[in-house]
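Grab a pencil and work through these exercises with the model open beside you. Each task comes with a step-by-step solution.

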Amino acid sequence: MIVALLTAAGTGTRMGQDIPKQFMHVENKPVIIHTMEAFQQHPGIDAILVVTLPSWIDVLKAYAKQFNITKLRWVVSGGDTGQESIYNGLKTLEKELSHEDIIMIHDGNRCMVSSEIISNSIATFKKYGSAIAAIPCVEAVFRSSDDGLSSTISIPREQLFRTQTPHTYTLEKLLWAHKEAAKKNIVNTAATCTLMQELGEKIYFSKGSEENLKITTVEDMMIFKALLHTKKDNWLK
């Protein structure tokens, strides 16, 4: 079984709005529903779990029913951090799934995740045992030690990759990572790839995309709305 574990427990402080960004409506549909639909429509995904704010659980369930998200099987309360929220979801799955089942962790506010990205994550996982969506860095990058005021050190961009989600592992591996984190007092690693790296694990990259943006700011929301109305020209390869 392949389960999409969607994180939607953030309060959206950086967005500066009255409601959490994952519940803001774009094209008459909540952001989290846009994301859920990507996994609902993918034939490789068997079920969906969403970790969200306790006070929004009933709202989320109502939205899922309204928009016919039939793969939604679990809605779980989030924790104080992203790491805690993911672990809450994993502990729920541990009660019902095999440790060999596949879990695809994805940010609930990455609405533009494509079928190709999901499929490539599954294919990379099957080849290497894990998969982290990533894209190469195309800008020149500098390291600053004075809060971004200046720099004398550049980092070769050919060596740099920007990670996104999904992050795909077995349930067993993810539970191991979170239990090890508790032992080693590793906290607040919302990105599973960062947690795995801190535990000495090699990261295997799957396909990402510039369109697979994480909606964090008002500007991100504007880009998302624009992408919804943009189609690739036929002459582009």
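**Exercise 1: a salt-bridge pair and its cover**

Both Arg-110 and Asp-107 are buried, where buried means under 20% relative accessible area, exposed over 50%, and partly exposed in between (1.4 Å probe, protein chains only). Before going on, note that this is a predicted model, in which local features need pLDDT of at least 70, side-chain atom pairs count only at pLDDT 80 or more, and totals for chains, interfaces and linings use all residues. Residues are numbered from 1 along each chain as its sequence is written, and side-chain values use heavy atoms, with hydrogens and water left out.

Task: find out how the side chains of Arg-110 and Asp-107 meet.

Solution. Start with the rule: a salt bridge puts a side-chain nitrogen of Lys or Arg within 4 Å of a carboxyl oxygen of Asp or Glu. Now check the pair: Arg-110 and Asp-107 come to 2.8 Å, N to O, so they pass the rule. Across the model, the count is eight salt bridges.

**Exercise 2: two more bridges**

Task: compare the cover of the Glu-37 and Lys-29 pair with that of Glu-94 and Lys-179.

Solution. Step one: Glu-37 and Lys-29 form a salt bridge, with their closest N and O atoms 3.0 Å apart. Glu-37 has a relative accessible area of 16%, which makes it buried, and Lys-29 is buried too, at 18%.

Step two: Glu-94 pairs up with Lys-179 in a salt bridge whose closest N and O atoms are 3.7 Å apart. Glu-94 sits in helix 3 (residues 82-94) and Lys-179 in helix 5 (residues 171-184), so this pair ties together parts that are 85 residues apart in sequence. Helices (H or I, at least four residues) and strands (E, at least two) are DSSP runs, numbered from the N terminus. Glu-94 is partly exposed at 29%, and Lys-179 is partly exposed at 38%.

Glu-37 is one of them, along with others including His-34 and Phe-39.

**Exercise 3: Ser-121 and its neighbours**

Task: which residues does Ser-121 touch, leaving out those up to four places away in sequence?

Solution. First place Ser-121: it's in helix 4 (residues 115-128), and buried at 0% relative accessibility. Then list the contacts (heavy atoms within 4.5 Å): Met-104, Ala-131, Pro-166, Thr-168 and Ser-206. Glu-84, by comparison, is 37 residues from Ser-121 in sequence and 23 Å from it in space, C-alpha to C-alpha.

**Exercise 4: the whole chain**

Task: how many helices and strands does the chain have, and what share of its residues count as buried?

Solution. The chain has seven helices and nine strands. Of its 237 residues, 48% count as buried. Finish with the contacts: among those between residues at least 6 apart in sequence, 75% join residues at least 24 apart.
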